[in-house]
Amino acid sequence: MPVHNRIAGYADDLTEWRRDLHAHPELGFQENRTSDVVAAKLAEWGIEVTRGIAKTGIVGTLRCGSSQRAIGIRADMDALPIEEATGLPYASQNPGRMHACGHDGHTTMLLGAARYLAETRNFDGTVHFIFQPAEEGPGGGRVMVEEGLFERFPCDMVFGAHNDTTLPVGQLAAVAGPVNAAADQFWIHIHGTGGHAARPQGAIDPVVIGSHIVLALQSVVSRRTNPLEAAVLSICQFHAGTTDNVIPERASLNGTVRTLQPHVREEMQRLLTEIATVTARAHGAEAVVEYERGYPCVVNDGLAAERAATAAARVLGEAKIIRERPPVMGAEDFSYMALAVPGCFVRIGQAGQDRGAVPVHHPRYDFNDEILPIGASVWAALVEQELPRT
């Protein structure tokens with residue numbers, strides 16, 4: 001694999017860093033140890049460190065030459081509330097917490113690029129290494145942007161990456177347009193009339209009504225949206241009752257909606273609310289819908305995607321670069337950064353012959369250390385390409 005020779009020379013260091021982070025996972029906005037590790041390494045390499053953005057977030061700034069151009073590269077740092085089941089020597093030492101999405105690897109790849117660029121300084125301009133907290137739900141990317149990330153650290157473009165367990169090692173996807181879905185949450189609270197289970201005629205059963213709502217909502221995507229415009233509606237929780245002989249007073253449903261286009265997002269919220277409330281009313285009950293907008297869709301800027309693909313091709317070869325690929329319906333809070341600054345979110349293949357194919361958010365997931373020098377080299381190549389010395 002044609003990675004930078006200097007980066008290949010400290011591949012063992014990258015693996016050691018990554019496994020140390022893996023063994024000490026921290027949840028969103030609690031990445032105190034992780035932030036300390038990142039900040040210490042950046043400072044050791046002479047990179048200016050700014051801490052406290054979005055609580056535990058860090059920006060490392062490296063300037064070289066006189067160019068006013070600047071780019072940002074982002075890595076996420078947080079873990080998931082999952083009990084690890086890998087049995088690895090470097091498995092999580094924090095019960096109920098696990099790097100089950102590869103953020104330990106994302107952080108390490110960016111650290112590898114930072115070390116290389118600090119040592120070689122073969123560029124002209126400014127690079128901001130953005131280490132973001134709380135991607136897994138709390139929305140650290142949104143908080144960083146709201147706290148003035150790009151006003152304090154102006155960038156012409158911003159880039160991010162995620163490992164991909166469905167792509168083989170050595171492939172990278174840099175695709176223009178939508179690549180990750182917008183993600184919304186909803187709660188449907190059904191208010192009926194409780195009663196004795198042996199006398200259902202005296203009650204208005206919220207369990208039955210909730211079941212009707214669940215079934216009715218399954219037709220939203222199949223019959224009420226354009227089949228060429230992607231949408232997902234999943235009911236993931238149904239709570240009601242406390243015992244076997246009482247019809248409960250209330251029931252609640254919870255789930256998620258995923259979309260790729262703003263008008264579809266609006267329509268899904270409208271239809272969900274309408275169907276839930278009307279269905280409940282038809283059965284003599286009331287349904288109250290709470291609908292919360294989550295991460296926006298990640299939309300890659302066309303020029304940024306092409307620049308990322310070109311840089312990656314220098315490392316992996318043109319044949320290994322994917323420029324056209326359907327979006328995934330998972331969400332990513334890199335979306336907030338890409339809304340603020342032209343950006344590109346790439347996916348780096350990590351599926352090898354004997355590791356790297358267990359899906360993310362799984363208790364037996366592990367990041368494939370083989371791709372650490374690849375990711376670091378891609379980021380280094382991107383900086384040298386976008387901030388060339390004249």
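Predicted model: local features only at pLDDT ≥ 70, side-chain atom pairs only at ≥ 80, totals over all residues.
User: Which element supplies the largest share of the lining of the second largest cavity?

Analyst: This cavity has a volume of about 40 Å³. Two or more of its lining residues come from each of strand S3 (70-76) and helix H4 (103-120). The largest share, three residues, comes from H4.

User: What is the volume of the largest cavity?

Analyst: The count comes to three cavities of 30 Å³ or more. The lining of the largest cavity includes Ala-173, Asn-300, Arg-325, Phe-345 and Arg-347, and by class this lining has seven nonpolar, one polar and two charged residues. The volume of the largest cavity is about 100 Å³.

User: Which strand gives the most to the lining of the largest pocket?

Analyst: The largest pocket has a volume of about 860 Å³. Strand S5 (157-168), strand S8 (182-191), strand S12 (250-259) and strand S13 (286-293) each supply at least two residues of its lining. With five residues, the strand that gives the most is S5.

User: Which residues lie nearest the centre of the largest pocket?

Analyst: The lining of the largest pocket has 10 nonpolar, 14 polar and 11 charged residues. It is formed by 35 residues, and those nearest the centre of the pocket are Glu-136, Arg-258, Tyr-295, Ala-331 and His-361.

User: Are helices H2 and H3 roughly parallel or roughly antiparallel to each other?

Analyst: The axes of helix H2 (residues 11-23) and helix H3 (residues 32-44) come within 10 Å and cross at roughly 160°. Angles over 145 degrees count as roughly antiparallel. H2 and H3 are therefore roughly antiparallel.

User: How many residues of the contact of H2 with H3 are nonpolar, polar and charged?

Analyst: The crossing of H2 and H3 is right-handed. The contact is made by Trp-17, Asp-20 and Leu-21 of H2 together with Arg-33, Thr-34, Val-37 and Lys-41 of H3. Trp, Leu and Val count as nonpolar, and Asp, Arg and Lys as charged. The residues of this contact divide into three nonpolar, one polar and three charged.

Notes. Residues numbered from 1 in each chain as written. Heavy atoms only, no water. Axes fitted to C-alpha atoms, helices over the stretch in contact; angles between N-to-C directions. Helix = DSSP H or I, 4+ residues; strand = E, 2+ residues; numbered from the N terminus. Parallel < 35°, antiparallel > 145°, perpendicular 65-115°, else oblique. Left-handed = near helix turned anticlockwise from the far one by under 90°. Contact = heavy atoms within 4.5 Å. 1 Å grid on protein atoms, 1.4 Å probe; cavity = no way out; pocket = protein on both sides within 12 Å on 5 of 7 lines; lining within 4 Å. Points joined across faces, edges and corners; volume = space filled by probe spheres on them.
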